[in-house]
Amino acid sequence: QLACPLDLGCHSVMSGYMMSKKTMEINPRHSIVSELRRKSDADRADKTVKDLVYLLFDTALLTSGFSLEDPTIYASRIFRMIKLGLSIDEEPEAASASEDVPPLEADTAAGTSGAQSSMEDVD
């Protein structure tokens with residue numbers, strides 16, 4: 001009869017393994033890694049290379065079952081890479097945000113005496 005690992009006292013060994021320091025192994029001969037290294041050596045301030053390195057690391061975390069501290073940063077990097085791949089120029093966010101938001105309607109309740117708002121019409 002097989003015993004459960006918890007019955008064997010392996011629980012502390014398993015939890016110790018799960019809590020141990022994690023190591024990410026990088027293959028320096030992989031085409032992605034070697035190209036990132038070449039581009040990084042050419043220009044250390046290249047934001048695209050930094051984004052790609054962080055995307056590589058964050059993707060390794062996700063595929064290993066870990067959670068990201070801030071998924072919105074990961075998503076914004078993904079969006080920047082998609083824009084880059086589609087040759088879309090970066091637009092100022094303020095200009096695009098103002099185009100997406102419809103103008104506010106004027107407060108009609110003050111201008112019309114006793115008129116009901118559209119919410120009151122529903123009742």
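Is D58 buried or exposed? The points below take up that question after a word on the model as a whole.

1. The model is a predicted one, and its secondary structure consists of seven helices and zero strands, so that the order of elements from the N terminus reads α-α-α-α-α-α-α. Buried residues make up 8% of the 123 residues, and the accessible surface comes to about 11,000 Å², of which 59% belongs to carbon and sulfur atoms.

2. To answer the opening question, D58, which is found in helix α3, is buried, because its relative accessible area of 12% is below the cut-off of 20%. Leaving aside residues up to four places away in sequence, D58 touches L68, Y74 and R77, and two of these contacts, Y74 and R77, are also listed with the buried residues of α4.

3. Helix α4 covers residues 71-85, and its geometry can be checked directly: at 1.5 Å a residue, its 15 residues should span 21 Å, and the end C-alpha atoms are 21 Å apart, which agrees. The buried residues of α4 are Y74, R77 and M81; seen down the helix axis, they fall within an arc of 60 degrees, and therefore line one face of α4. The exposed residues T72 and F79 are carried on the face turned away from that buried side, while the cover over the buried residues includes α3.

4. Helix α3, which comprises residues 47-63, also contains L56, and this residue counts as partly exposed because its relative accessibility is 34%. L56 belongs to a nonpolar patch on the surface, formed together with M24, I26, I32 and F57, and the accessible area of the patch is about 440 Å² in total. Helix α3 thus holds both the buried D58 and the partly exposed L56.

5. One backbone angle deserves a look during review. S87 follows α4 and lies in the loop between α4 and α5, the latter being residues 93-100; its phi is near 55 degrees, a positive value in a residue other than glycine. Most residues other than glycine have a negative phi. With a relative accessibility of 64%, S87 counts as exposed.

Key:
Residues numbered from 1 in each chain as written. Predicted model: local features only at pLDDT ≥ 70, side-chain atom pairs only at ≥ 80, totals over all residues. Heavy atoms only, no water. Patch = residues over 30% accessible without salt bridge, like charges linked within 9 Å, V, L, I, M, F, W, Y side chains within 5 Å. Areas by Shrake-Rupley, 256 points an atom, 1.4 Å probe, with all protein chains shown as cover. Salt bridge = Lys/Arg side-chain N within 4 Å of Asp/Glu carboxyl O. Helix = DSSP H or I, 4+ residues; strand = E, 2+ residues; numbered from the N terminus. Buried < 20%, exposed > 50% of the residue type's maximum accessible area, 1.4 Å probe, protein only. Expected span 1.5 Å × (residues − 1). Arc of directions from axis to C-beta. Contact = heavy atoms within 4.5 Å.
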